[in-house]
Amino acid sequence: MNEQQMKQLIFPFSAIVGQEQMSLALILNAINPSIGGVLIRGEKGTAKSTAVRALAALLPPIEVAVDCPFPFALAELPNDVWSAVADKSEKRAAPLVNLPLGVTEDRLLGTIDLERALQKGEKRFEAGLFAQAHQGILYIDEVNLLNDHIVDVLLDTAAMGVNIVEREGVSVQHPARFVLVGTMNPEEGELRPQLLERFGLAVDVAGSPERQTRTTIVKRRLAFEANSA
């Protein structure tokens, strides 16, 4: 399945009914990630995850160094970290990285490649999710259930646009510019006010009580499932 076929399987952003504030907040952050991300709060069934995946499909292709396992442009490659990278660029789809709730700080920031250290005695950096999300979207579903320290790290890196890692004598710095999107259901617990205020935008969403709107939602979903193209 090629890239175009994959995009056809994603419910289109323009087909989402209502939720104008959520759509606007996502678009603004896609245009300018330095806004600081968006937190979307609402009950289940309000198209939060659907909107995030649909937005990722709208992002333009990014320039990436050929053979680089992460979405870094040639000018952004960290020195002495990844080898055998060609001196040419290629176009790739912007990444959408889902952050698991049980993520550790090492998995997020990156850490030392222990296997290489044990086998070859070399200290080598193994990049984390920040590197994978560069030039794309970093999505945290149920952000209110994440460890507060992890949320702090997320917001700090999103604000700086750079990931700095100091591990076991290895110092690595690489760009980490991404659209930060967090979603949550307030019924499952709130986010601490100190963390809430650090998101650039926060939007509350709710299901529409109007029969016509709900009918349109169902019809569009059925039409998509019948013929996604």
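Reader: Start with strand 10. How many of its six residues are buried?
Author: Six of the six are buried, so strand 10 is largely enclosed by the rest of the structure. Keep in mind that this is a predicted model.

Reader: Which residues sit on which face of strand 10?
Author: V179, V181 and T183 are on one side. L180, G182 and M184 are on the other. Both faces are covered.

Reader: Which way does strand 10 pair with strand 1, parallel or antiparallel?
Author: Parallel, over four bridges. V38 has V181 of strand 10 as its bridge partner.

Reader: And with strand 7, over how many bridges?
Author: Five, again in the parallel sense. There, L138 stands opposite L180 in strand 10.

Reader: What about the glycine, G182? Buried or exposed?
Author: Its relative accessibility is 0%, so G182 counts as buried. G182 is part of strand 10.

Reader: What does G182 touch, away from its sequence neighbours?
Author: Leaving aside residues within four places in sequence, G182 is in contact with V38, L39, I40, I140, V143 and F199. Also, its C-alpha is 9.4 Å from that of K48, a residue 134 places away along the chain.

Reader: Switching to packing. How many residues are in the largest nonpolar core?
Author: It has 35 residues. L108, F130, L146, L154 and L180 have the most contacts inside it.

Reader: Which elements give two or more residues to that core?
Author: Helix 4 (105-109), helix 6 (129-133) and helix 7 (148-160) on the helical side. Strand 6 (125-127), strand 7 (137-141) and strand 10 (179-184) complete the list.

Reader: Which one gives the largest share?
Author: Helix 7, with six residues.

Reader: Pick L146. What does it touch?
Author: Not counting residues up to four places away, L146 touches L99, P100, L101, V103, I140, V151 and L154.

Reader: What other core lies apart from that one?
Author: One of 25 residues. Among them are M22, I137, Y139 and V181.

Reader: Fine. On to helix 2. How far apart are its end C-alpha atoms?
Author: 16 Å. Helix 2 covers residues 20-31, so 12 residues at 1.5 Å a residue should span 16 Å, and the two values agree.

Reader: Which residues of helix 2 are buried?
Author: M22, S23, A25, L26 and N29. They cover an arc of only 165 degrees around the axis, so they are on the same side of helix 2.

Reader: What's on the face turned away from them?
Author: That face carries the exposed residues E20, Q21, L24 and I31.

Reader: And what covers the buried side?
Author: The cover for the buried residues includes strand 1 (38-41), helix 3 (48-58), strand 10 and strand 11 (201-204).

Reader: Is Q19 buried or exposed?
Author: Buried, because its relative accessible area is 16% and the cut-off is under 20%.

Reader: One more loop residue, N144. Where is it?
Author: In the loop between strand 7 and helix 7. N144 counts as buried, at 11% relative accessibility.

Reader: Which backbone oxygen does its side chain reach?
Author: That of G189, at 2.5 Å. Leaving aside neighbours within four places in sequence, N144 is in contact with T183, M184, N185, E188, G189, E190 and L191.

Reader: Last, the whole chain. How many helices and strands are there?
Author: Nine helices and 11 strands. Of the 229 residues, 41% count as buried.

Terms used. Residues numbered from 1 in each chain as written. Predicted model: local features only at pLDDT ≥ 70, side-chain atom pairs only at ≥ 80, totals over all residues. Heavy atoms only, no water. Core = buried A, V, L, I, M, F, W, Y, C linked by side-chain atoms within 4.5 Å. Buried < 20%, exposed > 50% of the residue type's maximum accessible area, 1.4 Å probe, protein only. Contact = heavy atoms within 4.5 Å. Polar contact = N/O pair within 3.5 Å; in protein donor to acceptor, adjacent residues only side chain to side chain. Expected span 1.5 Å × (residues − 1). Arc of directions from axis to C-beta. Pairing = 2+ DSSP bridges.
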